[in-house]
Amino acid sequence: MTAPPPAGACTAAYRITGQWGGGFQGEVTVTAGGGAVRGWSVTWTYADGQQVTSAWNATVTTSGTRIVARNAAHNGSLAPGASTTFGFLGSWSGTNSTPTPTCTTVV
């Protein structure tokens with residue numbers, strides 16, 4: 001088990017929940033650190049040209065291969081150690097490698 005993030009911080013865990021020819025479904029779990037947060041954003045960059053085509057429980061914007069997901073109104077506030085999940089559909093061709101997301105918070 002990993003240690004929780006410090007107060008005012010968060011972590012994000014990315015995983016692919018389903019995959020088919022040319023498409024996939026993924027989810028990201030955001031976990032608050034030792035202090036409550038009022039909002040969060042998660043950023044990652046795809047290495048293999050994947051694209052997010054739709055999302056739920058987050059507002060997702062893209063710029064080339066860079067993805068930024070911001071909390072929805074109902075899941076931005078997290079108690080210390082609490083988590084929330086957002087999901088998305090995407091497209092891919094060739095390789096669908098897993099990126100490393102970065103989480104930032106509003107305290």
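Phe86 sits in strand β7, strands being DSSP runs of E of at least two residues, numbered from the N terminus. The model is predicted, so local features are given only at pLDDT of at least 70 and side-chain atom pairs only at pLDDT 80 or more, while totals for chains, interfaces and linings use all residues. Residue numbers start from 1 along each chain as its sequence is written, and side-chain values use heavy atoms, with hydrogens and water left out.

At 1% relative accessibility, Phe86 is buried; buried stands for under 20% relative accessible area, exposed for over 50%, and partly exposed for what lies in between, with a 1.4 Å probe and protein chains only. Leaving out residues up to four places away in sequence, Phe86 touches Gly26, Glu27, Val28, Val30, Trp40, Val42, Trp44, Trp56, Asn57, Ala58 and Ala69, where contact means heavy atoms within 4.5 Å. Of these, Trp56 is 30 residues from Phe86 in sequence, yet the two C-alpha atoms are 5.9 Å apart in space.

The aromatic residues come next. The structure holds nine aromatic pairs. Rings of Phe, Tyr and Trp (the six-membered ring for Trp) are paired if their centres lie within 6.5 Å, and planes under 30 degrees apart are called stacked, over 60 edge-to-face, and the rest tilted. One of the pairs is Trp40 with Phe86, which is stacked, at 5.6 Å centre to centre and 15° between the planes. Since Trp40 belongs to strand β3 and Phe86 to strand β7 (residues 83-91), this pair ties together parts that are 46 residues apart in sequence. Trp40 is buried, with a relative accessible area of 3%. Another pair, Trp44 with Phe88, is tilted, at 5.6 Å centre to centre and 35° between the planes. This pair also links distant parts of the chain, with Trp44 in strand β3 and Phe88 in strand β7, 44 residues apart. Both Trp44 and Phe88 are buried. Ring pairs join Tyr14, Phe24, Trp40, Trp44, Tyr46, Phe86 and Phe88 into a cluster.

For Trp44, the contacts beyond four places in sequence are Tyr14, Val28, Val52, Thr65, Arg66, Ile67, Phe86, Phe88, Pro99, Thr100 and Pro101.

Strand β3 (residues 39-45) also contains Ser41, which is buried at a relative accessible area of 15%. The side chains of Ser41 and Thr104 are joined by a polar contact of 2.8 Å. A polar contact is a pair of N or O atoms within 3.5 Å; within protein, one must be able to donate a hydrogen and the other to accept it, and residues adjacent in sequence count only if both atoms are side-chain atoms. Apart from neighbours within four places in sequence, Ser41 is in contact with Ala69, Arg70, Thr102, Cys103 and Thr104.

Cys10 and Cys103 form it, with their sulfur atoms 1.8 Å apart. The torsion about the S-S bond is about -105°, so the disulfide is left-handed. Cys10 in strand β1 and Cys103 in strand β8 (residues 102-106) are 93 residues apart, and the pair thus links distant parts of the chain. Cys10 is buried at 9% relative accessibility, and Cys103 is buried at 13%.

A search of the whole structure finds one salt bridge, defined as a side-chain nitrogen of Lys or Arg within 4 Å of a carboxyl oxygen of Asp or Glu. Arg15 forms it with Glu27, and the closest N and O atoms are 2.8 Å apart. Arg15 lies in strand β1 (residues 10-20) and Glu27 in strand β2 (residues 23-32), 12 residues apart. Arg15 is partly exposed at 48% relative accessible area, and Glu27 is partly exposed at 22%.

Asn57 is found in the loop between β4 (51-56) and β5 (58-63). Its phi is near 65°, a positive value in a residue other than glycine. Asn57 is partly exposed, with a relative accessible area of 31%.

Definitions and conventions
Helices (H or I, at least four residues) and strands (E, at least two) are DSSP runs, numbered from the N terminus. A disulfide is a pair of cysteine sulfur atoms within 2.5 Å.
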